[in-house]
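Take a walk through this structure, one chain at a time. Keep the sequence beside you.

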Amino acid sequence: MLLEVVLSAYLLAVEGGAEQRALEALEANDLGGALAAAREVSDPFTRATLECRAYHVARDFPRLLRSAETGLEHRPQDLVLLWRAASAELWLQDGVRASLFVERLAEALSASSLVEPERSAWETNVSSFTEQADALRASARSTERSVTRARVVSLAIVAGGLLVLVIGGRRTPE
Amino acid sequence: MTLSDPAPADVRGRGRWLFVVAALAGACTMGVEIAAVRVLAPWFGASLIVWTNVLEVILLGLALGYLLGGRLSAAREPLVRLAAILALGAVFTAWLPSLARPVCELFVPAELALHDAAPLLLWGSLASALVLFLAPAVVLGAAGPLLVEELSRRGSLSAGTAGGRVLAASTIGSVVGAFATSHAALPHPALGLARTFALVGILLAACAAAAWLGARRRSAGVGGLALLVLPAPFATRLGLPEPGPGLRELASAESRYQLVRVVEDTRHGEPLRYLQVNEGFDSYQSVWRERPGLLGEGFYYDDFALPAWWWRWSGERGPFRVLVLGFGAGTVGRVLEGALPDGTELELVGVEIDPAVVALGREHFGLRADSAGRRTVHDDADARFALRALEGSFEQVVLDAYANQVEIPPHLATAEFFGEVRERLVSGGWLIANVGGFGFDDPVVLAMSETAAFAFDRDVLVLRVRSARNYTMVVRRDADVPRVGTPEWGIPGAVGEALLLGRDIEGGSVLVNPPDRPPITDDRNPIESLQIRSLREARERIRRAP
């Protein structure tokens with residue numbers, strides 16, 4: 001919430017017009033209006049940031065990720081975009097990709113000039129995301145192990161059974 | 001036979017009981033086969049994949065059993081071998097439900113998400129079925145050749161005649177076993193799944209005892225094995241998955257169709273209750289919140305309130321009659337009662353195939369009878385059958401019928417069915433349906449919406465449900481659905497914001513046009529293969545922009 005307010009204030013101070021309209025539309029939950037206004041914004045980073053907010057509200061995480069990656073091309077260490085991207089990957093339950101964004105977020109946070117209490121708030125976020133990403137990766141590994149185990153057991157038993165049928169069918173009892 | 005062997009007994013006097021054993025073994029085989037899917041259902045569901053795996057395992061076991069029985073029949077006393085085989089089968093079967101959980105847990109990780117479930121539905125259910133059911137099937141298969149050998153040694157029956165009669169008796173037993181298991185044992189309040197297996201074990205033990213008594217040489221080991229079956233009805237328990245982290249089980253029931261349970265989640269302050277049906281994944285069939293009305297983000301049920309708002313916003317008045325096919329525990333009714341425009345006269349008819357679900361709804365989901373007759377629930381009724389049998393027309397039909405967690409019943413997905421729904425709607429009436437899927441191009445979402453579009457000869461509006469793996473499809477009889485950006489689309493106030501947020505941008509909704517031919521008909525119905533494909537492609541599809 002604090003981050004949203006800080007970002008809104010920054011954008012208002014630096015650029016007006018389309019960004020203003022986009023921000024007002026986002027406040028009113030008019031996502032169509034927000035995206036239309038965002039498309040008129042000339043700065044690609046600002047445009048991407050506005051789009052990410054709209055797609056976050058819409059819970060359209062694939063589009064959010066596309067916009068976030070576009071914005072990060074211009075500002076690779078932007079905390080907000082990295083946070084949104086990590087959050088989206090966690091929602092999509094991709095632990096590997098989420099971890100990559102969380103690591104980038106942690107590095108960006110270390111390199112930033114944030115002071116307390118904002119720094120602690122961000123560090124808490126990073127810890128929480130790290131935990132969630134680790135849990136997803138562990139779950140994915142567990143699923144893979146379960147599938148492998150099931151496949152091996154199934155094929156072994158079926159192959160054994162068919163072998164018994166073939167061999168047993170050839171031999172006649174004495 | 002040699003001159004020193006005892007003279008053959010009269011086959012008619014001492015052989016008939018062997019046909020009874022054959023019939024009982026056949027009944028037990030079919031009982032195990034039908035009940036087997038129910039054992040696996042809490043872990044893997046009861047979809048076509050699981051049914052096919054169980055059938056394959058039983059058939060493989062029977063084939064191995066026939067071979068084994070053939071080899072054992074060369075023994076001096078086939079009856080001794082028969083008694084041992086049946087006693088072993090009795091013990092396996094009686095205690096099988098207690099093995100379900102430790103075996104299935106080997107192949108199902110904790111907290112498995114639905115979009116990762118596809119490979120485990122196939123391999124996990126196959127592996128579990130092989131470990132649990134192959135041995136009992138082998139044992140039951142071995143009984144046949146031993147019975148044939150005993151009968152043909154006893155007297156004047158040739159091997160062919162004995163074989164034919166044993167097969168006939170076994171098959172008749174299978175018919176009886178199938179009916180008895182499905183209609184009597186499984187849904188019986190005193191039996192249920194675990195005790196059905198125990199009962200099968202007891203029947204097999206009785207057959208083993210008969211064979212043992214009929215043998216000239218009797219092994220004490222066989223008797224001991226059979227005795228292990230006796231405690232089973234009191235001690236065997238069906239192991240079920242834990243409700244999930246933070247969930248508490250309030251009630252459970254076994255019905256003719258499925259295992260059902262009610263769990264409560266109090267982790268986020270206000271309690272939420274879920275009805276889970278054979279659930280092995282992170283999904284549910286009904287939801288309850290203390291106050292009626294919209295459930296909030298992530299719950300597709302809220303979309304079922306949209307037609308009434310659009311209808312009212314267009315100036316319509318009068319009773320708003322809603323038919324819900326797949327009523328479950330009454331979530332739709334509860335949402336509508338609390339979320340419709342002020343002054344709406346709601347008349348609700350619900351159809352639900354499983355009476356156990358409705359009973360749990362009455363006890364835990366606030367489902368109540370209405371003395372004015374404006375709330376009617378028909379339980380124990382199939383949706384399509386009820387659609388034809390019910391009288392009157394409706395302003396809205398809700399379709400929310402799912403079987404086996406992820407499957408739309410095939411007969412509720414066809415152009416003919418949607419045509420029948422159309423006929424029950426008033427002119428301008430609405431069909432709105434929940435379709436589980438992972439994108440607008442999901443095979444199931446696309447096929448269902450195109451089929452409905454064909455049947456109604458109108459564009460279908462498909463809405464993505466935020467934070468859920470659901471889509472709702474909306475179509476009208478003799479009228480167009482509201483289009484994004486038109487005056488008909490907007491709904492004022494907080495309800496409009498809640499229901500339409502994000503639906504007016506790319507990725508929020510699409511319109512599906514009527515195709516030249518419907519993808520799904522009563523004659524050609526690929527819905528099951530489409531559902532399998534949907535699960536297989538889920539992981540990849542959720543990463544694509546909707």
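In chain A, buried residues make up 37% of the 174 residues. Buried means that 20 or more other C-beta atoms lie within 10 Å of the residue's own; exposed means 12 or fewer, partly exposed is in between, and C-beta atoms are placed from the backbone. This is a predicted model: local features need pLDDT of at least 70, side-chain atom pairs count only at pLDDT 80 or more, and totals for chains, interfaces and linings use all residues. Residues are numbered from 1 along each chain as its sequence is written, while chains are lettered from A and ligands numbered from 1 in the order in which they are written.

Stay with chain A. Its C-alpha trace spans about 95 × 35 × 25 Å along the principal axes. The radius of gyration of chain A is 25 Å, whereas a compact globule of 174 residues would have one near 16 Å. That radius is taken over C-alpha atoms, and the globule rule is 2.2 Å times the number of residues to the power 0.38. Chain A has eight helices and zero strands. Helices (H or I, at least four residues) and strands (E, at least two) are DSSP runs, numbered from the N terminus.

Now chain B. Helix α2 (residues 16-44) of chain B has 29 residues and reaches 42 Å from its first C-alpha to its last. That is close to the 42 Å expected at 1.5 Å a residue, with the expected span being 1.5 Å times one less than the number of residues. Of the 29 residues in α2(B), 24 are buried. Just after α2(B), B:Gly45 takes a positive phi of about 80°.

Next comes the sheet. Two strands pair if DSSP finds at least two bridges between them.

Strands β5 (residues 319-325) and β6 (residues 345-352) of chain B run parallel, joined by seven bridges. In β6(B), B:Leu346 is the bridge partner of B:Phe320.
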